Amino acid sequence: MRVFKGEVTALPPDKSISHRAALIGALSEGTTEITNFSGGFDNQSTLGVLKDAGIILRQEDVDGGYGRRIRRVVIESGGLWSFLPPSAPLMCNNSGSTMRMFAGILAAQPFASELIGDSSLMKRPMKRVADPLRQMGADVELSLAGTAPIRIKGTKELKPIEYRLPVPSAQVKSLVAFAALHADGESRIIESVRSRDHTEVMLGLESIEHEGERVIVVPGRKAVAAKPFYIPADPSAACFIVALGLLARGSEIIIRDVCLNPTRAAFLDILTDAGAGLTIENQRVIGGEMIGDILVQNHAGLEPLMILDPQVVAYIIDEIPMLAVLSAFASGRFELHNAAELRTKESDRIDALVVNLQRLGFDCEQYPDGFMVKGRRITPSGTVVIDSFDDHRIAMSFAIASKATGCPLDITDIDVVGVSFPNFFALLESLEA
Ligand code: S3P
């Protein structure tokens with residue numbers, strides 16, 4: 001067992017908010033300054049497609065306090081219809097958020113465009129993108145399997161929509177909202193299970209509670225005025241550092257300036273309820289988002305995690321890989337249901353977790369919408385090969401377990417961590433006491 005101690009001031013800026021800040025900047029009239037934009041590959045893909053669609057932007061390194069450099073992005077745009085026909089298919093690489101959310105904007109532009117990605121993204125479901133955009137009047141073509149390439153013939157005459165989300169997806173909610181900003185009238189987006197709400201917060205959209213559902217109101221053809229954005233640290237990245245501290249007894253780590261939006265930070269409550277030593281300090285609101293420091297103090301064990309509630313699942317969807325590996329290593333057990341969406345991520349994360357936990361000697365049972373870890377039969381003696389399935393969160397979840405417990409793992413395609421956390425290994429090293 002190793003011990004990890006220190007202060008984390010260089011966590012990646014939030015991936016979800018970075019994507020949205022860039023897209024909203026491109027939709028806004030004027031100059032948008034984004035402070036602390038993420039250098040992760042996914043967010044760089046969003047900047048790449050915006051440039052390829054004619055948006056003028058630049059990135060620069062500036063002083064970010066704590067003795068570190070951070071990235072500033074400046075976007076100049078004339079507003080909702082400032083995009084130009086791209087000369088080639090728009091490459092989104094591994095980023096589902098880029099592809100899905102930008103599709104909503106392209107549907108409203110009066111030209112044809114095509115969105116493509118890497119081999120993982122080309123397998124992910126896109127019917128959820130095409131359905132609402134077709135209802136609004138755009139011409140959207142997918143492969144026979146319902147995947148990318150997404151070929152869009154956009155129109156300036158999009159119709160408003162009342163859309164009940166068929167899956168709890170903030171990407172789909174956002175792409176409908178971005179399209180609806182261009183429509184000829186007011187749209188309503190209805191969610192029965194809530195997903196992360198950054199788009200609503202950043203655009204200042206009204207949302208109403210109605211009979212247990214949430215209705216988001218999007219005004220049509222209303223100019224968006226440029227405003228500055230500050231990106232707090234990514235709670236989904238913080239989760240890996242929290243797990244590191246909770247797996248290695250005696251550790252004490254403070255993680256600064258993390259986004260604590262309640263639609264993102266539920267994993268902290270789940271861990272606290274399971275006995276984790278977590279304290280939130282220095283809470284404040286910046287740009288409509290709750291931000292604070294997370295203090296991790298490991299003085300006790302962790303109860304097994306059992307995650308069943310669909311609303312909780314939606315709030316922690318990106319943290320489940322780390323929570324599952326943490327719970328398996330800390331208590332030998334873990335149980336998850338109502339999480340079929342996990343099969344549609346950068347990999348089939350239910351299968352990826354089960355396959356790898358079994359290689360580590362855990363007894364697992366898999367269901368269509370989840371899985372259970374029932375205990376550890378054996379502890380393998382030599383190095384175990386872990387298949388990352390080219391998925392950043394799978395790679396990082398097992399890398400944390402290896403680092404904290406000392407079990408030797410050989411993780412395939414480990415560079416994939418750069419999708420969301422380019423300084424992952426450097427940061428872990430800096431915390432080794
Ligand atoms: C995201 C929403 C979630 C999440 C993804 C980022 C977002 O996906 O898994 O990593 O920024 O809106 P879904 O919208 O598919 O649930």
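In what order do the four strands of the open sheet with S9 and S10 stand? The order is S9-S10-S12-S11, and the pairing is mixed. Before going further, a word on what you're looking at: this is a predicted model, where local features need pLDDT of at least 70, side-chain atom pairs count only at pLDDT 80 or more, and totals for chains, interfaces and linings use all residues. Residues are numbered from 1 along each chain as its sequence is written, and side-chain values use heavy atoms, with hydrogens and water left out.

Two strands pair if DSSP finds at least two bridges between them.

S9 runs parallel to strand S10 (residues 187–191), and three bridges join them. Lying across S9, S10 and strand S12 (213–218) is helix H5 (residues 170–180), which runs at about 170° to S10. Axes like these are lines fitted to C-alpha atoms, for helices over the stretch in contact (heavy atoms within 4.5 Å), and angles run from 0 to 180 degrees between N-to-C directions.

Now look at strand S2 (residues 28–35). S2 pairs with strand S4 (residues 69–78) in the antiparallel sense, over seven bridges. Glu-33 stands opposite Val-74 in S4. The side chain of Glu-33 also meets that of Arg-72 in a salt bridge (3.9 Å, N to O). A salt bridge here is a side-chain nitrogen of Lys or Arg within 4 Å of a carboxyl oxygen of Asp or Glu. Glu-33 in S2 and Arg-72 in S4 are 39 residues apart, so to speak a link between distant parts of the chain. Searching the whole structure turns up 30 salt bridges.

Let's step back to the domains. The domain assignment, with bounds from an automatic or database source, gives domain 1 (15–218) and domain 2 (233–431). Their C-alpha centres lie 27 Å apart, and the contact takes 22 residues from domain 1 and 27 residues from domain 2. About 2,000 Å² is buried between them, with carbon and sulfur atoms giving 48%; buried area is the accessible area (1.4 Å probe) that two parts lose on being put together, summed over both.

What holds your eye at this interface? Three salt bridges cross between domain 1 and domain 2. Asp-318 forms a salt bridge with Arg-196, the closest N and O atoms being 3.1 Å apart. Helix H1 (15–27), helix H2 (41–52) and helix H6 (198–203) are the elements giving two or more residues to the side of domain 1 that touches domain 2. H1 gives the most, with three residues.
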